[in-house]
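Dear colleague,

I am handing over the structure below, together with some notes on what was found in it. Please read the notes with the sequence and the 3D view open side by side.

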Amino acid sequence: MRHGKKFNHLGRKAAHRKAMLSNMATSLILHKRISTTLAKAKELKKYLEPLVTRAKEDTTHNRRMAFAYLKNKEAIIELFGEVIAKVATRPGGYTRIIKTGFRLGDNAEMCIIELVDFNELMLKDAQPAKKTTRRSRRGSGKSTTAEETKSTAAPAAEKAPAKDAEEPKSPEASADSAEEETDNK
């Protein structure tokens, strides 16, 4: 019976699936971002995130366990070096999946999966600006008096009627005035 076995087999036998996820995890660690289908990306996330958590503690045992999954020395060096240097303080959620649309041939849902701390564009947006303090509405800051608002509104009100006086009232009038100007020339 297969009660409770609910992971995605991805249409492959166990050996093929393990090899594919190992290769995809290696590519993601080395390149920091790969494009794949959404189903594969979700499985890759489950495969890779425990490895990154394990790599936070750099021991011989953890390196050997990671090598059993990845089977690539360069990926292990990158994982325990550059990747962990950026995600050491993060409590989890090391990857991000961004949907990119559908594949042209078979309409499979495509996405980009990336390591979170390596996307410079997202990091710029994520930096909090200056922290502001909350203020009450009871006039603790600068208050505008009625005189100040009148003085700023008065010049704007004077300029507005002048614009209306220069512009013609109806489109027929503008067409007639355009014809008169061509007749005068």
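Strand E2 (residues 95-102) runs antiparallel to strand E3 and is joined to it by seven bridges, where strands are DSSP runs of E with at least two residues, helices are runs of H or I with at least four, and both are numbered from the N terminus; two strands count as paired if DSSP finds at least two bridges between them. Within this pairing, Thr-95 has Leu-115 as its bridge partner, and the two strands form a hairpin with six residues between them, where Asn-107 in the turn has a positive phi of about 65°. Strand E1 (residues 33-37) is also antiparallel to E3, through five bridges, and here Ser-35 stands opposite Ile-112. Five of the seven residues of E3 (residues 109-115) are buried, so this strand is largely enclosed by the rest of the structure (buried is under 20% relative accessible area, exposed over 50% and partly exposed in between, with a 1.4 Å probe and protein chains only).

Please bear in mind that this is a predicted model, in which local features need pLDDT of at least 70 and side-chain atom pairs pLDDT 80 or more, while totals for chains, interfaces and linings use all residues. Residues are numbered from 1 along each chain as its sequence is written, and side-chain values use heavy atoms, without hydrogens and water.

Elsewhere, the charged end of Lys-32 sits over the ring of Phe-118, 5.1 Å from its centre (the criterion is NZ of Lys or CZ of Arg within 6 Å of the ring centre and within 35 degrees of the ring normal).

Best regards
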